[in-house]
Amino acid sequence: MHRFPVEEVRKRGDGSRVQEVDQTPDVDLVFTKADLRDVVPHDNDPVVISVVILGRRVYRVLVDQGSSADVMFWSTFDKLQLSPNQLWPYTGYLYGFAGDQVEVRGHIELRTTFTDGTTCRTENIRYLVVNAPSAYNILLGRPALNRIGAIASTRHMKMKLPFLDGMVITIKSDQKEAKKCYENNLKTKRGVFAVTTQPPREEGVTCAEITHERRPEPAEDFLEREIGGKMFKLGKSLGQET
């Protein structure tokens, strides 16, 4: 059973609009106990898969529903031997998980193949090419997941997407690679592993506003005193006993 085709209008890099038809099959995607049989017990590891682009398999692809864009890092773009001339300009902004603005060099649409080894499905995915450190080669965000109708489960360490005639492609996460990438990103601290098109906000305050807030200052004059070999700043109003 298939969905009726849905018309979608997409905007190209040159400003023109392209009307496409959504041919995603209407297939139920279900995770069962059987999907847990080959899963190694883990501590909330992310789902990391591989895809095929330009006939080359690209590993360390993070499936991240928290990312509002599909991202290809510059090092991956370079290894695929793509030319900067192929990039369309991008006028928006991206922010990393920590709130830092990420340099976007442009965007490119590439045919990307998802396969479980026996069945494959190829779709055009629009990647924002960014120049930022990351343990991953690609971030597969909500636009791509929605486009291909995929659902990922970190508990089952798998991503499933529909195929023709009611078939489902099940792609297993590389748990060893997932753990390694996650640990490497934590070590670098500034490694990008999620992006958003809007700066993160906390109770209505942007990170930029928080950054420019004044640091805490003493409420009164203080004296510096050495206690146990270390210097401390003490308020003048404190009594000698205190």
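**Rings and strands in a predicted model**

Let me begin with helix H1, which covers residues 74-79, where Trp74 and Phe77 both lie, 3 residues apart, and that spacing is about one turn of the helix. Please keep in mind throughout that what we are looking at is a predicted model.

How many aromatic pairs does the count come to? The count comes to 1 aromatic pair, and that pair is formed by Trp74 and Phe77, whose rings are stacked, with 5.0 Å from centre to centre and 20° between the planes. Is Phe77 buried or exposed? Phe77 has a relative accessible area of 1%, and because buried means under 20%, Phe77 is buried.

Now let us turn to the strands, and to E7 in particular, which runs over residues 101-115 and pairs in the antiparallel sense with strand E3, residues 47-53, over 2 bridges. Within that pairing, Val52 has Thr113 of E7 as its bridge partner.

Finally, E7 pairs with strand E8, residues 120-131, in the antiparallel sense over 12 bridges, and the bridge partner of His107 in E8 is Leu128. The hairpin of E7 and E8 has 4 residues between the strands, and in this hairpin Gly117 takes a positive phi near 105°.

Terms used: Residues are numbered from 1 along each chain as its sequence is written. This is a predicted model: local features need pLDDT of at least 70, side-chain atom pairs count only at pLDDT 80 or more; totals for chains, interfaces and linings use all residues. Side-chain values use heavy atoms; hydrogens and water are left out. Rings of Phe, Tyr and Trp (its six-membered ring) pair if their centres lie within 6.5 Å; planes under 30 degrees apart count as stacked, over 60 as edge-to-face and the rest as tilted. Buried means under 20% relative accessible area, exposed over 50%, partly exposed in between (1.4 Å probe, protein chains only). Two strands pair if DSSP finds at least two bridges between them.
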